[in-house]
Amino acid sequence: MQTKAILGQREVDAILNAAQNEADANGWAVTISVADDGGHLLGLRRLDNAPPFTAIVSAEKAYAAALGRRETRLFEQMINNGRNAFLSASLPGLLEGGVPIIVDGQVIGAVGVSGVKAGEDAQVARAGITAVA
């Protein structure tokens, strides 16, 4: 039987804190979402001045990264390269800014960020992940 790490509340809080530190250091108003390996939301932090819609978008990005087992920028690239069938899926989740959390080769969850440029969203997500992976 295989075993794998899981995200507990301590890890979720560490991810949210590390991601917020990155966003604060850059003056970015974002929402940060953390999901488990099934895409279920474990934590969400909407920073001051982040637009309300970023809460939905960040959660969708975390969901897509967890279930897709890859960064959402790869889905966005497929769409931009003509794979329009992906447009029938939830589009906000397929934009860059969702990053899976991989521990010992296993996806244990994902972080989704929304509120600034795509690459900056991903930068905040990756900073959060460094707290646990």
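This is a predicted model: local features need pLDDT of at least 70, side-chain atom pairs count only at pLDDT 80 or more; totals for chains, interfaces and linings use all residues.
**Exercise 1.** Find the buried residues of α1 and decide how they are placed around the helix axis.

*Solution.* Start with the list: Val12, Ile15, Leu16, Ala18, Ala19 and Ala23 are buried. Their arc around the axis is only 165 degrees, so they are on the same side of α1. The general rule is that an α-helix has 3.6 residues a turn, so residues three or four places apart point the same way. Next, take the face turned away from the buried side: Arg10, Asn21 and Ala25 are exposed there. Last, look for the cover: β1, β2, β3, β4 and α4 (118–129) are among the elements over the buried residues of α1.

**Exercise 2.** Give the strand order of the open sheet and explain why one side of β2 and of β3 has no neighbour in the sheet.

*Solution.* The order of the four strands is β2-β1-β4-β3, and the pairing is antiparallel. β2 (41–46) and β3 (98–103) are at the edges with a single partner strand each, so one side of each lacks a neighbour in the sheet. From one strand to the next, the twist averages 15 degrees.

**Exercise 3.** Describe how β3 pairs with β4.

*Solution.* The two strands pair in the antiparallel sense, over six bridges. For Ile101, the bridge partner in β4 is Gly109.

Terms used. Residues are numbered from 1 along each chain as its sequence is written. Side-chain values use heavy atoms; hydrogens and water are left out. Two strands pair if DSSP finds at least two bridges between them. Axes are lines fitted to C-alpha atoms, for helices over the stretch in contact, and angles run from 0 to 180 degrees between N-to-C directions. Buried means under 20% relative accessible area, exposed over 50%, partly exposed in between (1.4 Å probe, protein chains only). The arc is that of the directions from the helix axis to the C-beta atoms. Contact means heavy atoms within 4.5 Å.
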